[in-house]
Amino acid sequence: MSKLGQVVESVEKYNKFVLDQVKRARTDQKFGRDLLGRWNDTKAKIPVTRTPTGLPLPRLALPEIDEPGEIARFIFGEGFPGEFPYLNATYREMYLEPVRETESFEKNGNKTGKKITQPEEPTRLFSGLMLAEDTNERFHYLTRHQRTHRLSTAFDGPTLYGLDSDADGVFGKIGEGGVAIDTVEDMVRLYDGFDLGSPNFSASMTISGPAPMIMAMYIAAAKRRFGPKVVPKLRGTVQADIFKEVQAQNETIFPIEPSLRFLTDMVEFTTGEMPRWYPISISGYHIGEAGSTPVQQAAYTLSNGFAYAEMFAARGIPVDQFGPRLSFFFDCGLDAEYIALSRVSRRIWAIGMRDVFGAGPRAQLCKLHTQTSGRSLIAAEFKNNLTRTATELILSYMNATNSCHSNSADEPFTTPSEEWIRLAAHGQAILLEESGIFKHTMNMLSGSPGMKAVERAVETAILEEFREIERLGGVLAAVEERYQRSQIQNAAHKYEQQIYDGTRPIIGLNKYRDGNDDAPEVKLARTPRAKQQLQVDRLRKFKKKNADKANRALDKLAATAERSENVFPVLLEAAEVCSLGQITGRLQEVVGRFRPMV
Amino acid sequence: MPSPIRILTAVPICDGHDSAINTINLEFIRHGIEVIYLGYHRSVADIVRAAIQEDVRAIGISSYNGGHIEFFAAVVDLLRKKGADDIKVFGGGGGTITHDDAATMRRRGVDEIFFAGTSLDDMVKFVHRRYAKPRTKRPRPKSSDQELAHELSEIEEAYGIGNRKRRTPKVKIANRKTQIANATVIGFTGPGGAGKTTLIDELVLRYLNQNPKGRIAILSHDPSVVGKGALLGDRATMINSQDDRVFMRSMATRGQAGGLSPATQDCLALLARSNFDYVIIETVGTGQEAMPFQKNGIVASTVLVMNPDYGSRLQLQKIVMLDLADIVVVNKSDLQRARTAHSEIEQRLEQNRRQQQLVDTVAKRHRDSGVDRLFELISKRIR
């Protein structure tokens, strides 16, 4: 049995454990009394906050139960926010505004005021366009009102495929859909003006196939600006999710096995040397965007995660070293499953990591970034996309996401323009800061009977998918048989058919359409030819300047890859003098190119 | 019945958005169209080369990652340069292609751009309306590959659907028994999912590396959906075979059982005397009783590619090609069952008392030593 089969068993076993605890709480009087005592204690210690209208509300809402069995069901089955199995949240408090005046009902009835430190904003906006300096300008624009600078970087097509801007046939694609990065010099320009070593800064880079190379360039750029001592301080995330690329997004450059090997090389390095870095973001987003059902999204993402955990453990990296550095990335659309998809995922992950991999508390957390669904946005009557995204935002925060990106309404047309990005960012601010839904009370919308029903149905369906993957021989075997790919494609096909036959209403498209389908006046972000040429010229100059050093570095890299040793330290040297395309090309000579699956 | 419309579909370079095109491909096939799918992240040169070799009526491009104005125009321009502007270009990109963009693209020679919200039905109707009429007057071919491609179309179209040749193609393949084939023809067959396509592509890579001037032709087959079109998808995975020194042609079986098309023999004969060093023919995934290559026919060597998971030893007795193949390959020999499979097949071959060879390969692995050995074996047999 692979680890995934064991995960299924561990969840089943845990569910049985919960039922046993419920029964025990009802039959074993002492146990029941203790639970009730703990419950009442916890409730008594919850601080009370006041809304602007003066309404007192507890900072944590708990179900109104006083029967030991039901208390056991909550404590063991869901857990308080920040407690195993983390159904409600990874942390005790999230999104809550700092306390101005708190009252807490301690036993002596005294009021106490407790200062709570201001948390990081959960808003993280994805951006990348044209050349590094253009994206840099956008980053500064986006973060100008924020206490903390959490940047999220989109790369252009050539970069995502590990190609240089001067590669054959890519002119026209340079800086389209994301930023063009060829060299360490571009990387320096990209984050210019930001303090990369600051605890208030983090960079996220959405790239997988060439992730180890881009990561090496990021480190090289940080060292150029702040010296070698900055490395252990760097905070951020690189996506580096090979499985989902092969299953859905198709941006893979080496065959699967060496891709996974290079990834593990990077994880081994960063989890050892850069304790604040997330070297992988296990992503369901692109699986969802490629057309999967929500359950498929969660099931494939979590099973990919467990497969990575198995791989890193096999390399000899301790689970409590890499476990806390894994992060997740989910898509949030409008289907009913999204009411609880991430909640259930967090619970399955925690149980599997604890009971199958022996992970400690920090390595049990499924810390997740959510992005609202791009696929749910459509071109027809595109302003409706604001409402779609707003609804998805509510669902995302109901699932206690750790960070969130809200899509811009003009996304079906182009890289979002500033006007619509502003509205998207403000959508989050309105929800979190203006509205009272999330800022006063944890669990404000948790635990409704409907949500519980969704949780049960979704968990059952995810475990069933796990069993199917297990029957196929585990995640890697299933990937090679293109199981996940064809399941996703079938789901996508069905979704399209439902739109065409009207069983899936899309307002403005197949329902309430008023025929007014004019292309909106969106300002298109296109990279002018002159800028594209500038990138090519800069790259050629870099290559010429570093030609000798690059050859030596590439030889060393190839030799290291040939010996199947950890390539990452050598990549760090190569990133100083080689372009992305040079590194890709040389490594492909050693390990081959990815053979696409259709 | 007339021949089905053949079109090529692809996603541009640096673009992996294949969700839309997958759905569209399926819809085309359901409506009788033969789709040669080149896959995603494909260069202009790859697309145009494939379109000319396959001699399709049109190229459908699905682009979601920007740069579409340049990309579509580059495809049109290169077709024109190669004298192949009777191959038309259409496509779409959801909301990423604006109406203004589309107008520019049409001016630069693109036939049609579909916008977000266009129904699949409308796209199918468009292809039938625009590309169904037979091409009567072909332009003079500008290259030998193009000439060959036109001739192959003529042969295939002469057969239409069904087994009997309806009209005699102008291409002379007469008296082909006495024709001295100047290329060596190697036949690959085996059950679906055994990895034939990957294996051939790896052999092609070795051949190209070893013979800097050599040329190779591949005739690849995929099944037609009963009464409908076909998805010809081998090119998408054959990354090394997208090369100017490789002429590849994909054929649908068009209702014929046994792994080949009614027009295969004639097409193969033409390829064999068309100045290639090797011609490789790949059947569709075959069943146990299949024996696709004629005895004493034009195929000089036959390779049977097996998957280790064929079931019990008893199943081996029923596989006819195990008696006929010159070389038997157990691919995916990294699978657990591979060792057992090797020894069971070895025993089965010993019964035949012929000089059959058995090779284990892992075609998906770069520079696999088993594939190296297979390459050597084939080269030796030919010499």
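In strand β11 of chain B, residues 301–306, B:S301 is the bridge partner of B:I186. Strands here are DSSP runs of E of at least two residues, helices are runs of H or I of at least four, and both are numbered from the N terminus. Two strands count as paired if DSSP finds at least two bridges between them.

Before going on, a word on the source. This is a predicted model, in which local features need pLDDT of at least 70 and side-chain atom pairs count only at pLDDT 80 or more, while totals for chains, interfaces and linings use all residues. Residues are numbered from 1 along each chain as its sequence is written, and chains are lettered from A and ligands numbered from 1 in the order in which they are written.

Back to β6(B), residues 184–189. Which other strand does β6(B) pair with in the parallel sense, over five bridges? That is β10 of chain B, residues 278–282. There, B:E282 is the bridge partner of B:F188. β6(B) is mostly covered, with five of its six residues buried. Buried means that 20 or more other C-beta atoms lie within 10 Å of the residue's own; exposed means 12 or fewer, partly exposed is in between, and C-beta atoms are placed from the backbone.

Staying in chain B, two arginines have positive phi. For B:R353 phi is near 50 degrees, and the residue sits in the loop between α12 (338–350) and β13 (357–360) of chain B. B:R353 counts as exposed because it has 7 C-beta neighbours inside 10 Å. For B:R367 phi is near 55 degrees. Its loop runs between β13 and α13 (369–382) of chain B. B:R367 has 12 other C-beta atoms within 10 Å, so it is exposed.

Now chain A. Its secondary structure comes to 22 helices and eleven strands. How does its radius of gyration sit against the globule rule? The value is 25 Å, close to the 25 Å the rule gives for 598 residues, so chain A is as compact as a globular protein of that length. That radius is taken over C-alpha atoms, and the rule is 2.2 Å times the number of residues to the power 0.38. Along the principal axes, the C-alpha atoms fill a box of roughly 80 × 55 × 55 Å. Of the 598 residues, 53% count as buried.

Contact means C-beta atoms, placed from the backbone, within 7 Å. Among contacts in chain A between residues at least 6 apart in sequence, 76% join residues at least 24 apart.

On confidence: pLDDT is the predictor's confidence in each residue, from 0 to 100. Chain A averages 92, and 94% of its residues score at least 70. Over residues 101–116 of chain A, the pLDDT is below 50, and this stretch has 21 contacts in the model beyond near neighbours in sequence.

One backbone detail in chain A: the peptide bond from A:F84 to A:P85 is cis, with omega near 0 degrees. A:P85 is in the loop between α3 (68–77) and β3 (125–127) of chain A.

Last, the interface. 39 residues of chain A are in contact with 37 residues of chain B. On the chain A side, the elements giving two or more residues are α5 (157–160) and α18 (483–501). The largest share, five residues, comes from α18(A).

Definitions and conventions:
Contact = placed C-beta atoms within 7 Å.
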